[in-house]
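This report describes selected features of a protein model. Please keep the sequence and the structure in view while reading.

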Amino acid sequence: MSKTLFDKVWDSHVVRKIEGGPDVLFIDRHLIHEVTSPVAFLGLKNRDIKVLYPERTFATADHNTPTINQHLPVSDPLSANQLKALENNANAYGIRHWGLGHQKNGIVHVIGPEHGITQPGATIVCGDSHTSTHGAFGAIAFGIGTSEVEMVLASQCIMQPKAKKMRISVTGSLSKGVTPKDVALFIISKLTTSGATGYFVEYAGEVFEKMSMEGRMTVCNLSIEMGARGGMIAPDQTTFDYIKDREFTPKGDAWDKAMAYWQTLKTDADATFDKEFTFDGSSIEPMITYGTNPGMGIGISNHIPDASEVEGGVTTYEKSLGYMGFHEGESMIGKKVDYVFVGSCTNGRIEDFRAFTSLIKGKKKAENVTVWLVPGSHIVEEQIKKEGLLDVLTEAGFTLRQPGCSACLAMNDDKVPAGKYAVSTSNRNFEGRQGPGARTMLASPLVAAAAAITGVVTDPRTLI
Amino acid sequence: MAYDKFTILKSTTVPLPIENVDTDQIIPARFLKATERVGFGDNLFRDWRYNSDNTPKSDFVLNNPVYSGKILVGGKNFGSGSSREHAAWAVYDYGFRCVVSSFFADIFKNNCLNIGVLPVQVSPAFLEKIFSAVFADAQAQLEVNLPAQTITLLATGEQEKFDISPYKKDNLSNGFDDIDYLQNIRGEIQDFAATLPF
């Protein structure tokens, strides 16, 4: 029978099917961090269960870490306690732990691919909804809750029904100044924040075939923002070139054997999907959000829609615009910006900093804007220095912070103050996401750069 | 984590007719720093419930003494966003045992089922009926019957069936969780693992 990429990977990991219930799915790789794992370990302890395969779990500290002075003790006692709990749990159960200050430390979805933990055909989970990032490699990857983290530690399995299948094709090519982030925000604006709930998405078509691995990660990362369980892209030469020779990828004969398998990981020509969408890549322009969920995005040159033009209730829409301090029909161009945040598992990789730097080169940071540039990992941080990007950034008046999730969810001190506007390359513009009362506009690193030097929302195409 | 068995729940409700209620509203990230599952109910809907000086916002439904009960009724696409189980814990810890909406985000729904909170998906029309009934009379009760898989608006007798997988229904009815199941098939899992290429 013909199968989709998703079918192939899912079906090969089913330990047992339960009649009228979920599948017992084997998990190849499990990533954990300090925020969603402590209660899972507590559960193991209370039930006196050992971790079944500690070598399949990788621990890093990222959500709740400072992005300055990481060499100093963490000042917030609650955060310090959580970091210590992760370290203690990892040590107690024999799990690899790349804590704060470790050379391999960084945002969980940045370091997985960096070290070759993420591989085609694998099942990967983490107590974080943006685990969908790893689908860029042709893996089935999705976020789970803490009860499921405990299940994976105890049994290396979770129990979930198989999702329905959706394919989203983007044909043609992208225009100048349009990035993978814009493609993702465009798709979410079309499908809405719940349009893919219950589905696992495969991204296909020329635009994704031509996209870099980092771009594919940005797109897959945002799958959850339209409600999808996850998103994936068939592995190809771009994928294989990226993962070759990384620490945890197979070597020698094992590599050849893996390659023979990985090359079969594509949707069969006559396989079918429960739902399909096709978009024209050339119709996409740089995107920005104006509301309080990632589906509320528009092309940057457009005006904020009227309530009558959007799906959903008027009350919810008005509440959202009220929170943002925006009105129907207004242009986004020229809106005041107080903060710019570049980073997160969505856009905290080297290509994102290259894009940002390319636009600000030879210009100066706008005085009214506070800019937080937060690399996704120490490896990204080192690369920024090695490529000379830091010199260009410094010359333009920017500083670089240390790796972590930072202002994406504002668990640490990187909080946007109440009422202030932030252009952010992260993934969520929910009320209070970047700090109580903070107003977030999601966009690409290029749109962030344009805002950082002009102090207002600016179409980056006018500056390229 | 074991939880109370769920069979039939008859209760007044707390109505929250907002769509796309995300997990950052249910429990903001700054309250995720605990290493134990205690006290999350205090911060349920924190920023909608309290002003920045920690005084209650009188216009938010949880601060309105007229509304109470073990059933939370939310607008479409309830629980979107992050995978934080803390959101489901906050709902449970506050005292809710059931959340009703016309649509749930995937991970939140799964998290609820894993900790003994029953998510009940109803039609948009039935959701409107519940809101109308509760806003007309805050004492209006719902009956959620898990064995029969029905939800009934007791004032009018109007009823809908709801879906739940037989496996999850069995778990909730008996207070079991997936770890109990998985521990019992550990040998089968290990045999399976031995066949995997990596």
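## The end of a helix

In this predicted model, H5(A) is followed by A:Gln156, whose phi is positive, near 60°. Helix H5 itself covers residues 146-155 of chain A, and ten of its ten residues are buried, so the helix is largely enclosed by the rest of the structure. Among the buried residues of H5(A) are A:Glu148 and A:Glu150.

## Chain B as a whole

Chain B contains eight helices and seven strands. Its radius of gyration is 18 Å, close to the 16 Å that the globule rule gives for 198 residues, so chain B is as compact as a globular protein of that length. Buried residues account for 59% of the 198 residues in chain B.

## Salt bridges

Side chains of opposite charge can pair when their charged atoms come close. Over all chains, the structure holds 33 salt bridges.

One of them joins A:Lys104 to A:Glu247, with the closest N and O atoms 2.9 Å apart. This pair links distant parts of the chain, as the two residues lie 143 residues apart. A:Glu247 is partly exposed, at 44% relative accessibility.

In chain B, B:Asp24 forms a salt bridge with B:Arg84, the closest N and O atoms being 3.4 Å apart. B:Asp24 belongs to helix H1, whereas B:Arg84 lies in the loop between strand S2 and helix H3. B:Asp24 has a relative accessible area of 3% and is therefore buried; B:Arg84, at 4%, also counts as buried.

## Charge on the surface

A patch of negative charge on the surface is formed by A:Asp306, A:Glu309, A:Glu318 and A:Glu328. A:Glu318 is located in helix H11 of chain A.

Notes:
Residues numbered from 1 in each chain as written. Chains lettered and ligands numbered in written order. Predicted model: local features only at pLDDT ≥ 70, side-chain atom pairs only at ≥ 80, totals over all residues. Heavy atoms only, no water. Patch = residues over 30% accessible without salt bridge, like charges linked within 9 Å, V, L, I, M, F, W, Y side chains within 5 Å. Areas by Shrake-Rupley, 256 points an atom, 1.4 Å probe, with all protein chains shown as cover. Salt bridge = Lys/Arg side-chain N within 4 Å of Asp/Glu carboxyl O. Lys, Arg positive; Asp, Glu negative; His and termini not counted. Charge placed at Lys NZ, Arg CZ, Asp CG, Glu CD. Helix = DSSP H or I, 4+ residues; strand = E, 2+ residues; numbered from the N terminus. Buried < 20%, exposed > 50% of the residue type's maximum accessible area, 1.4 Å probe, protein only. Rg over C-alpha atoms; globule rule 2.2 N^0.38 Å.
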